[in-house]
Each structure stands twice: as structure tokens, then as C-alpha cells.
Amino acid sequence: MDVSITVNGEQISREIEPRQLLVHFIRETPGLTGTHWGCDTSNCGACVVQMDGEPVKSCTILAAMCEGHEIRTVESLEVDGQLDPIQTGFHETHALQCGFCTPGMLMTARALLDENPNPSEQEIRTAISGGICRCTGYKNIVAAVRWAAEHEATAKQGV
Amino acid sequence: MQTPAAFEYERATSVEGAIASLRRHGSGARIIAGGHSLLPMMKLRLANPEHLIDINDLAELSYIREEGSEIRIGALTRHKDLLSSDRLAEHLPVFRDAENVIADPVVRNRGTIGGSLCQADAAEDLSAVCTAVKAKTVIRGADGERVVGMEDFHVGPFMTAVADGELLTEVRIPLRPGGSSAHEKVERRAGDWAIAAASAAVWIDGGTIVESGVALSAVGLTTIHLSRAEELLRGKGPSEQLFEQAGQIASEDCSPTADGRGPVDYKRHLAGVLTTRALRRATARALHQEV
Amino acid sequence: MATVENLPSATKERPIGFGRLKRKEDARFIRGKGTYLDDIRLPGMVHGAMLRSPFAHARIVSIDTSRALAHPNVAAVITAKDLETLGLAWMPTISYDTQAVLAGDKVRFQGQEVAFVIATDEYSANDALQLIDVEYEPLPAVVNARKALDSDAPLIRDDKTGQRDNLASPTWEAGDEEATDRAFAEADTVVTRDIIYPRCHPAPLETCGMIADFNPETGQLDIYNGNQAPHAHRTVYAHVAGLAEHMIRIQCQDIGGGFGNKVPVYPGYVCAIAGSIVAGVPVKWVENRTENLVSTGFARDYVMHAEMCSKDGKITGLRADVIADHGAFDSTAQPTKFPAGFFHIVCGSYDLEASHVKVKAVYSNKAPGGVAYRCSFRVTEAVYLVERMVDALALEMKVDPIDLRMRSFIAPEQFPYETTTGWTYDSGNYAETMRVAMEMAGYEELRREQAEKRARGELMGIGVSFFTEGVGAGPRKHMDILGLAMNDGADLRVHPSGKAVVSISAQTQGQGHETTFAQIVAEELGIPPEDVEVRHGDTDRSPYGLGTYGSRSTPVSGGAVAVVSRKVRDKARQIAGTMLEASPEDLAWEKGRWYVKGDPEKGAAIEEIAARAYSGEEMPEGMEGGLDAQVIYDPPNLTYPYGAYIAVVDIDPDTAHVSVRRFIAVDDCGVRINPMVVDGQIHGGLAEGIGIALMEVLTFDEEGNCLNSSFMDYLIPTALETPDFELGETVTPCPHHPLGAKGVGESPNVGSPPAIVNAVIDALHETHGVDHVDMPCTPARVWAAMQGRPEPPQ
């Protein structure tokens with residue numbers, strides 16, 4: 001079947017099998033291997049992207065289901081050479097080691113901050129509880145989200 | 001990654017269209033909504049439908065509204081909306097309790113109440129919730145609608161009253177004065193299935209429990225409806241002793257199986273503890289005593 | 001002669017040398033631009049998928065691949081018969097055993113490789129697996145290590161001539177049996193425990209996989225693979241496949257976690273290589289998560305019996321008797337002379353009179369492996385045992401568990417300390433580290449809180465562990481793996497511009513090597529870290545070494561980089577002497593430049609020296625041009641990092657649910673190259689330790705079916721199960737390491753599980769009489785312990 005899906009603001013049209021999962025549709029698009037996969041049972045969160053602004057597990061969505069929706073992947077965070085504050089936050093607080101869970105965590109965190117610009121530690125931990133990280137023990141990821149929250153707040157104040 | 005077998009796919013544009021398609025394709029067709037129960041099974045090749053009918057465009061099935069003395073929830077309502085609805089939390093806090101511990105926040109963006117109820121996994125929380133609050137389900141087929149009470153909805157493990165060619169469209173919950181509810185769950189880790197979970201609803205008038213609803217997840221082949229506990233509670237004044245007696249009934253009347261989450265005796269014990277806790281909390285809320 | 005106004009200046013944000021430097025490698029990862037194995041596409045590439053046995057033990061009666069071969073997208077199906085003609089049906093393991101690449105006669109564990117399909121795409125390959133028909137004749141399975149040597153146990157390795165039972169490796173001993181018997185005879189108190197360290201799994205977030213690309217015209221085999229020891233793998237493939245080693249290139253680009261899971265050579269790799277050789281196109285094979293959990297290198301699975309004794313309030317003796325479950329093939333990784341790895345470090349951090357250790361390994365109908373998951377070659381098992389026993393002894397003696405440790409510690413003046421099992425610990429001030437942990441935790445206050453809570457029926461536990469581990473394998477006179485010395489190389493080239501490239505043997509899987517090794521060069525030579533490129537992971541472009549596991553990167557490769565940097569600095573000194581018309585002995589070094597003693601204005605910066613080295617101008621007599629050096633570093637000993645950990649847990653008295661409220665970790669890993677990276681390593685390991693202690697386990701039913709074969713049932717902690725870790729440090733440099741550094745990657749996995757289990761028992765001992773519970777401390781298992789009937793995991 002033919003599908004046409006908006007990914008990072010661009011229409012991608014392709015012929016696919018109905019059974020193709022969104023994660024594979026994305027990863028077969030040139031330049032979009034930043035979305036990863038790590039399990040078979042929707043538990044690990046390595047595949048998280050945003051669908052209409054909400055974090056979703058792209059391994060548990062058919063590409064066909066995404067026509068008419070906006071998909072955003074980690075590659076969309078940097079705009080015109082400017083990193084998103086959440087990306088800078090991860091770098092500042094050493095919130096990544098092997099980097100494999102990072103795109104999923106970034107997209108989850110970005111969606112959290114869009115909805116809740118000043119999340120508490122507990123709210124952050126809850127928001128990222130759908131993702132597994134084996135390397136960082138989560139402490140620095142929480143710190144990264146707080147860093148981004150604080151810097152976005154300051155930026156908004158025009159400081 | 002494990003991948004599903006091939007199938008045909010269509011997008012329903014109306015409820016009638018979805019039903020017609022279900023009838024046309026017979027038992028080889030499955031509805032897909034959130035897909036977070038169905039797709040994992042398909043990837044593991046435990047389910048191999050030939051034809052998928054995607055109902056995610058049927059926005060008319062996603063709502064939470066008050067109609068008369070009922071709250072009506074559309075079958076396509078996502079878990080995240082059940083969690084965030086203040087109206088629902090005000091009348092039926094058991095939903096927010098449960099949603100806080102169903103799967104994880106990302107999965108909750110997609111999964112639906114209809115999908116959860118129709119998956120009919122005994123460990124699924126919303127089935128116990130809906131049973132406790134005396135919900136009724138609305139099932140639509142080619143010949144029209146029928147209303148089936150929760151106690152008749154789950155007929156066996158992974159089996160519901162929804163027949164071939166039918167679609168669950170709505171869940172209706174009666175609103176009676178003096179009531180509140182709670183859900184208690186124990187899991188090995190956040191996001192896991194319950195080792196055991198208990199939902200309780202009580203309606204209190206003049207210091208007496210006029211009615212209650214108590215149901216358990218994960219400790220039987222389907223949701224356990226504790227009618228014996230409801231009998232015990234009816235007409236009595238709430239007390240710690242009463243809740244413990246109800247817990248005792250819960251331990252006796254459930255039928256857990258041993259698995260990786262726990263052995264039978266522990267699950268029975270949990271069923272009791274969580275029933276007591278859920279009743280205690282539901283009562284405190286009903287009496288506006290919860291801090 | 002030039003003077004230099006500006007040396008590159010260090011700032012707190014950008015230290016030149018050791019310090020909290022943000023990572024260079026982050027740039028690509030935060031943009032989603034890492035290159036992990038599954039991201040790589042080669043022209044003409046096809047996909048492999050593995051058919052696996054549903055049975056734990058069964059004869060293969062027949063394999064019919066005709067339906068699969070008829071699938072339009074299937075190029076080939078490989079079975080054992082096909083591999084036999086290539087001599088590849090069996091392969092050697094690191095433990096000098098053999099392992100079936102594809103099962104021929106029998107399958108010996110659920111998940112074992114039976115056939116390899118090659119198709120145009122991943123979905124078709126998965127479909128084709130359903131089309132292969134295998135007829136099995138199930139056999140009874142050996143699932144319990146304790147029963148593996150029963151006289152009526154089914155024989156698993158009937159493929160091995162002369163094998164009559166399920167013994168994989170005969171009893172290995174360390175220590176002194178007689179002296180230990182004496183210590184126990186003279187003891188005041190003796191405790192005995194049966195303690196299990198259950199089977200668990202490193203489960204890195206990225207599963208294992210490979211792209212093999214054989215070029216039949218040139219004979220070049222290009223391999224893309226995330227593995228922790230690329231050079232060793234290359235040697236193995238050359239040997240196993242009869243290929244020329246210099247024509248094999250392994251490139252490990254970005255790896256999504258290793259934790260020991262990416263050390264072994266897996267059948268999928270050999271099949272991908274065989275497939276590429278036969279088909280002449282690149283073959284990609286990536287396992288799914290179930291395959292990862294049921295067939296790749298698991299961790300632990302030690303059944304341990306231990307006794308510990310004390311006299312006059314001090315620990316004096318330890319006995320340990322262990323059955324190690326190695327699975328169906330013996331493929332544990334450890335130095336040749338140490339078949340039980342470093343388990344005999346179970347003597348611990350204490351000044352014992354004597355100890356005696358016995359370990360024997362058995363086969364079972366489960367996946368092969370055992371040494372993985374940040375275990376430091378069985379140090380995790382050893383420390384778990386000794387730290388549980390110390391607590392058991394403290395309970396029996398009715399003394400505080402920290403007091404017993406303090407009284408029994410090896411004292412600082414006793415270092416270097418030779419233990420009763422033959423280790424020579426390098427340096428330590430244990431009591432100091434323990435005190436720092438106690439203060440950070442507020443130990444006295446916690447004990448008060450515990451008493452108050454207990455009076456109210458609330459259950460709170462405080463658990464301690466103190467560990468000494470041995471890492472950085474290892475000296476060539478003692479250690480080799482498959483006959484390969486455990487030495488690492490380092491090549492350092494300073495270019496005419498003064499910027500440098502250092503090529504190392506270590507293989508990062510997230511440990512930050514692109515930053516930390518640049519920092520070592522920066523520390524030694526004063527070249528800013530952003531001007532030092534770290535090259536690794538490509539066997540064509542990095543020196544031979546044994547890779548990253550056993551926390552060896554800093555001790556061994558770090559030592560190599562320090563030594564090679566000093567070689568370059570010495571050569572720079574000679575050149576500077578010529579440039580400054582001074583004798584090299586009259587020069588002094590400040591980071592980044594040589595200058596004339598007593599005339600500091602007169603100096604030459606490293607950039608100037610580099611430019612000079614490549615120029616046509618005069619060089620010191622007899623010296624070659626260029627500014628580079630090469631080293632193979634042979635560590636003189638292991639290093640011995642240590643730490644004091646304190647866990648605080650709360651247990652729901654009715655549901656028995658355990659939650660970790662606080663975790664205090666004070667590590668002494670000697671000099672820290674990048675404290676931020678060290679802390680990150682510790683956070684990650686502590687989270688893994690919580691997983692192991694509370695929820696991670698691979699269990700099997702009586703027929704050998706694995707019951708935790710997905711992330712739905714192999715549970716890994718999320719951000720909701722891990723507390724806000726509290727880290728402290730003491731710094732006791734390693735006397736023999738060029739930088740004084742010891743390494744730290746595995747310490748948190750070593751130290752945390754015993755702290756948590758000790759805390760659980762501490763919460764339950766007084767009220768419920770619990771004096772032991774085996775991991776994982778799930779609610780069900782803790783509840784059973786509270787009822788007085790603790791159950792082992794299987």
C-alpha cells in the first residue's frame with residue numbers, strides 16, 4: 001500500500017507493506033536512524049518519537065496508522081544549527097553514556113517540558129519511566145531535564 | 001526485532017463501516033485501536049489476524065461526559081485522558097488510581113479503555129475498576145446496540161461478550177450520591193502487570209454502606225467479582241474489622257495461579273490486603289475524610 | 001628561538017588534563033547521529049535470521065528447509081550440515097571447550113541455534129523462520145546445577161569424547177585447607193549459609209549483531225560488529241575460519257552498551273561470516289531481544305556454600321564451596337590459569353588468618369556463559385558471598401555489621417597486602433572510606449529512625465557492604481586469554497600542527513573513552529583534549545590489545561596511554577634541548593612546554609616542538625624526525641579499587657514490597673581522570689545492582705523453558721525504582737599505575753547487591769527472624785521469607 005507520512009515537517013511517501021512498523025519506516029528514511037529499538041514487547045522506550053506532540057513507542061504503531069499525523073524524531077530537535085535546550089542539558093549534565101536510549105529519552109523529555117515547563121523530580125522520573133537506560137542510572141537524566149527547564153525559563157524571561 | 005505476519009489493513013471511517021468490515025471478514029479480522037495489546041502479540045506471532053480494521057479516526061468514540069446520572073466513556077478514550085480527567089477523578093477516583101499504575105505514560109498515550117477491556121487479560125486493571133463501579137458496556141452490531149453489565153462482559157481468559165461482527169462503543173457508569181472508590185495494586189516494578197490488584201467502590205448513606213463493588217485483577221482466569229464481599233458489606237457501618245473481613249473473603253474467593261509474579265499463597269494474601277486497603281480508602285473518600 | 005606568550009589555558013569547564021570535562025562524543029549522540037550496528041547499510045546487503053530450538057534438550061530427527069527455500073525472498077538456509085563442509089559447525093570457546101554454531105545431533109538449550117536463513121529483508125527473514133520444519137525428540141533436561149552431577153542426570157555433552165558426566169570444569173582450589181581448618185577449630189563463632197547468586201543478564205539496550213562482508217576478489221573480510229574485544233575476535237575468526245588475519249578488518253563503531261554481553265563470539269556471527277563467504281554479499285544479522293536474553297552470555301548462576309568464623313571479635317576464616325552453572329557449553333571468559341575467574345578474591349577486605357575456596361563448574365541445559373554483567377571475572381559473586389557472610393557473622397555475634405568490618409579490615413600499613421588466596425592488594429585505607437560513607441549516610445541517625453519505626457510496626461533496613469575488587473587484567477606472566485597476553489597498546493602521533501591522534505586497544509561501549517583518553521594525553525603533554533583525537537574500535541587503525549571488560553580500560557589502556565605520552569614527552573625534551581641550545585637535563589617541564597631551569601621565559605611549547613620535529617631543521621644527534629611513539633603496556637599487577645556502600649530500604653509490612661530509599665556509595669578508585677565520567681559509571685552500576693537485587697532473574701521450568709525471555713518478564717529498573725544516588729570519594733592512588741588510577745566501571749555492580757540484600761535482612765531480622773533471603777528480593781520472595789520459609793530462586 002502507499003502511505004504518505006509527515007516526518008519532521010516533510011511529507012514522506014513510500015510504498016510499504018501494511019505490517020511495517022513505524023520504527024522501521026522511520027529508520028529506512030535516509031538520515032533518520034536516530035530512532036532506535038531495543039526490545040520486542042514495547043517495554044524499553046528506545047523507539048520513542050512524538051506523534052502529534054505526544055511521546056509514543058514507534059515499535060508499537062503501524063506506519064499505516066500515521067497518515068494524517070505529524071511524526072517528530074530526534075533529528076528534528078536541532079534547528080538551523082541550534083541545539084534544543086534539552087539536548088544541551090543532556091550534554092551539560094552527562095545524561096548519556098552509550099547514547100542508545102538517548103533519542104527516546106530526549107523526545108520524551110521534550111514533550112514533558114512542552115506540557116509542564118517546571119516539572120519536579122518525581123514528575124520527571126514518572127515521565128521517563130517508560131524508557132530503560134542501562135548506563136546512567138537515571139540521576140543525570142533527571143538533572144538534564146531540570147537544567148533544560150531552568151534554562152528555558154531564563155530564556156523566556158529575556159535574561 | 002520480531003515482526004508480525006502479513007495482513008491487510010483498512011481504516012474505518014465510521015462505526016457502521018467498521019462493523020460492516022468485521023462482518024465481511026469474519027473471524028480473521030481484528031479491530032486495532034491503541035494497538036499496545038494487539039501489536040506485541042502479533043510481533044510474537046501469538047495473534048495472526050488476516051485483516052486489521054484501524055478505528056483510530058473514529059473521534060466520535062473518544063469522550064468522557066456526564067449524561068443524567070451516568071458518566072459515559074467512549075471506547076476509544078485513551079488511558080492518558082482517563083488519567084487527566086478531573087471530572088472523572090472527582091466522581092470516580094478509582095480511575096485515576098488505576099491509570100497512575102497502568103503500563104507507563106508513553107503507552108498510556110495510545111492505549112484505550114475499549115482495547116483494555118476487550119483484551120480481557122485477567123491482570124488488566126480497568127476490568128476490575130469497571131466491575132467495582134458497576135459499569136455497563138455498550139456493544140454495537142449490525143442489528144443495533146445492546147447493553148451488557150461488566151459482570152457478564154468477561155466470559156473467560158481473553159474472551160468477552162463482544163461477538164464477531166460487533167464493536168464495544170461505550171462504557172457507562174452510574175453516579176449515585178455518597179459514593180467513592182479506590183484502586184490498590186502491587187507490582188514487581190513500575191509498569192508491570194499486577195501481582196494482584198483490588199478495586200473497591202462504596203456508597204454510604206446515613207453511616208451505612210448501602211452498596212459496594214469489589215473486584216480483583218490478576219488472581220483468576222478473568223476479573224474476580226467479589227459478590228460475597230459485597231453481600232457482607234451491604235447495610236453495615238464501615239469499620240476496620242469489616243474491611244478485614246472483606247479482605248478475608250477476597251483471599252478465599254480468588255483463584256490465582258502460580259507464575260513468575262508470585263506463588264498462590266502470596267497472591268491470595270495480597271488479594272486480601274489490597275481489598276482491605278481499597279475499601280478503607282474508598283470509604284475515607286466517600287466520607288470526605290481522606291487527607 | 002621562539003618564546004611563547006600564550007599556552008592554551010585551562011579552565012574549570014575545560015581542564016587540560018584531569019577534571020570534569022564534558023564529553024566530546026556527546027555531539028553525535030544527542031543529535032541521533034550515532035552509528036550503531038543496525039544503522040549501517042551496505043550495497044547489496046541481505047539479512048540473516050536464526051531459527052532456534054524450542055526445547056532445552058532434544059535429539060534433532062530431521063530438518064526440512066524446503067518450504068523456506070521456496071520463499072521468493074530467501075537466498076539461502078544454512079544448517080549444521082552445510083557448516084560441516086566448511087569446518088565451521090563447531091567453534092572453540094574462550095574456555096577451551098567447543099560450542100555448536102548450529103545444532104546437528106542435539107539441541108542442548110532452549111534458544112540454541114538450529115538454522116540460519118538469509119533473505120532480502122528482515123521481515124522476510126523472520127517469515128522464513130516459520131517455514132523451516134524441524135522434528136525433535138525431547139529428552140529430559142538438566143536445569144538445577146545441584147542435580148547436574150547426580151548419577152541419573154542426563155548426559156548433556158555426549159559430543160565430547162570421554163565425557164561421562166556433566167562436569168564442565170574440575171574443582172579449582174585456592175587458599176590453604178589445613179590452615180583454614182585450624183582457624184575454624186580455634187574460632188569463637190562460626191556461621192554457615194547456603195547462598196545463591198541467581199542467573200541474570202547484562203541486557204544492554206542494543207542487542208548483538210554483525211554485518212559480515214567478504215570480498216571474494218580480494219579475500220578481504222570486513223566485519224562491522226559491536227564487540228568489546230575486536231582484536232581478539234579477529235584472531236579467533238582467522239583461526240576458526242581459516243582466513244588470513246591481516247585480511248580481516250573489524251570495525252566497532254558505536255556500541256549501545258556491552259556490560260560483558262558483547263565479549264563472546266556468538267554463532268550468529270559465524271553464520272553471518274559463513275553466509276557472506278558463500279553468497280559473496282554483505283550479510284547483516286541482528287538478534288531480537290528474546291534471542292539476546294535466552295542465548296547470549298548470561299551472568300552469575302553460582303550456587304555457594306560458605307562458612308565464616310571469628311575469634312576475639314575479628315573475622316579469622318572463610319570457606320567457600322561453589323557449583324558454577326556454565327550452561328550447555330563452557331564459554332566463560334577469564335584468563336587461562338583462572339578457570340573460576342577471580343572468585344578467590346572472596347577473601348575480601350579483611351585480614352584473615354586463612355581461607356579455602358573450591359569451585360567446580362557443571363553443564364546444564366541452558367544458554368552458555370556466566371562471566372558478564374560487570375562481574376570483573378566473578379568478583380561480583382565473590383564479594384556478594386563474603387559481604388553476606390560478614391553480615392551473617394555479625395548477626396550471630398550480635399555486633400554491629402560496620403563494627404565487625406572495622407575491626408577486621410586490612411590496615412593501611414599492611415599494604416601491599418598478600419591475601420590468603422594469593423592476591424597482592426596494592427593500596428587502601430578502608431576504615432577511612434567506611435567512615436566517609438557512615439557520615440554521608442548519617443548512620444547513627446538512621447539506626448535511631450529504624451528503632452522508632454520498628455516500634456510503630458514499620459520496616460526499614462540499613463545494609464552495608466565493603467568491597468575490594470581486582471581489575472585491570474593483567475600481567476603477562478600470570479594472565480592470558482586463549483594464549484593472548486592481556487596487554488594493551490597505544491600509538492600516539494603528534495602532527496606538525498601540534499594536534500595529536502592516540503590510538504588505543506580499549507573499546508568503549510559508553511564509558512567515554514573519546515574524552516577520557518584525550519584527557520590523559522592532555523595531562524601528560526599539555527595538548528588540549530579537543531586537539532587529541534582518540535581512535536579505537538577499528539582493528540586496522542588501532543594497536544593490538546584485549547579490549548574493554550573487567551574494568552581494564554583505565555588500568556591497562558590508561559597505563560599504555562600515559563607511558564606512550566611520556567615517551568613522546570621525553571623525545572620532545574631532546575628536541576627542545578636542540579631548539580633552545582640547552583642540555584635536555586637542564587630543562588624543566590610545565591604542562592605543555594619544556595623550559596630552561598632558572599630561565600622560564602626561554603622555553604618551547606609542545607606545538608613548536610612538533611613543528612620542529614617534522615621540519616628540515618636540526619634534530620638531536622642520531623634522532624629520527626617526527627613526534628610519535630608506540631607502546632605495549634604490560635601491567636605489573638591488577639589494581640584494587642574498593643568502596644563502602646550503604647543502602648536504606650523500606651519494606652511494606654503487608655505486601656512485602658521493597659523500595660530503595662537511599663543509596664550511599666563511596667568509591668576509592670585511585671586517581672580520577674574525569675570525576676563526572678566516574679560518577680556516571682557508578683550511577684549506572686548501582687541501578688544494575690538494584691535490578692539484580694530486586695527484580696532481574698532468568699528462571700526456568702523443569703523442562704528448561706526460559707520464563708523471562710522478554711522485557712515483559714526480565715524486569716529492569718526504571719527511573720521510579722532508583723533513588724537519587726549519593727556519591728562520595730576517597731582517593732588512594734595505585735602505587736604501580738602510571739597515573740595512580742585503578743578503574744571503576746564494575747565496582748558499583750560488585751558492591752551494591754550485597755548492600756541491598758543486607759538491608760532487606762536488616763529490616764526483617766528482629767521482627768520476623770529472617771537471617772537469609774536469596775535474590776531477587778521480589779515482593780513474593782520477601783513475603784515468603786517473612787513467613788519463615790525463604791525459597792531459593794529455583
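Domain bounds here come from an automatic or database domain assignment. On that basis chain A splits into domain 1 (2–76) and domain 2 (85–156). Keep in mind that this is a predicted model: local features need pLDDT of at least 70, side-chain atom pairs count only at pLDDT 80 or more, and totals for chains, interfaces and linings use all residues. Residues are numbered from 1 along each chain as its sequence is written, while chains are lettered from A and ligands numbered from 1 in the order in which they are written.

**Chain A: how its domains meet**

- The centres of domain 1 and domain 2 of chain A, taken over C-alpha atoms, are 21 Å apart.
- Their contact draws 15 residues from domain 1 of chain A and twelve residues from domain 2 of chain A (two residues are in contact if their C-beta atoms, placed from the backbone, lie within 7 Å).
- On the domain 1 side, strand 3 (48–51) and strand 4 (54–57) of chain A are the elements that give two or more residues (helices, H or I with at least four residues, and strands, E with at least two, are DSSP runs numbered from the N terminus).
- Strand 3 of chain A has the largest share of that side, with three residues.
- By class, that side of domain 1 of chain A has seven nonpolar, seven polar and one charged residues (Ala, Val, Leu, Ile, Met, Phe, Trp, Tyr, Cys and Pro count as nonpolar, Asp, Glu, Lys and Arg as charged, and the others, Gly among them, as polar).

**Chain A: a helix pair**

- In helix 3 of chain A, A:M105, A:A109, A:L112 and A:L113 meet A:I141, A:V145, A:A148, A:A149 and A:E152 in helix 5 of chain A.
- That helix contact is made of eight nonpolar, no polar and one charged residues.

**Chain B: three domains**

- Chain B divides into domain 1 (8–52), domain 2 (62–174) and domain 3 (194–286).
- Between the centres of domain 1 and domain 2 of chain B, taken over C-alpha atoms, there are 19 Å.
- Here 13 residues of domain 1 of chain B are in contact with 16 residues of domain 2 of chain B.
- Helix 1 (residues 15–25) of chain B gives the most to the domain 1 side, with five residues.
- That side of domain 1 of chain B has six nonpolar, six polar and one charged.

**Chain C against chain A**

- 45 residues of chain C are in contact with 42 residues of chain A.
- Helix 16 of chain C supplies the largest share of the chain C side, seven residues.
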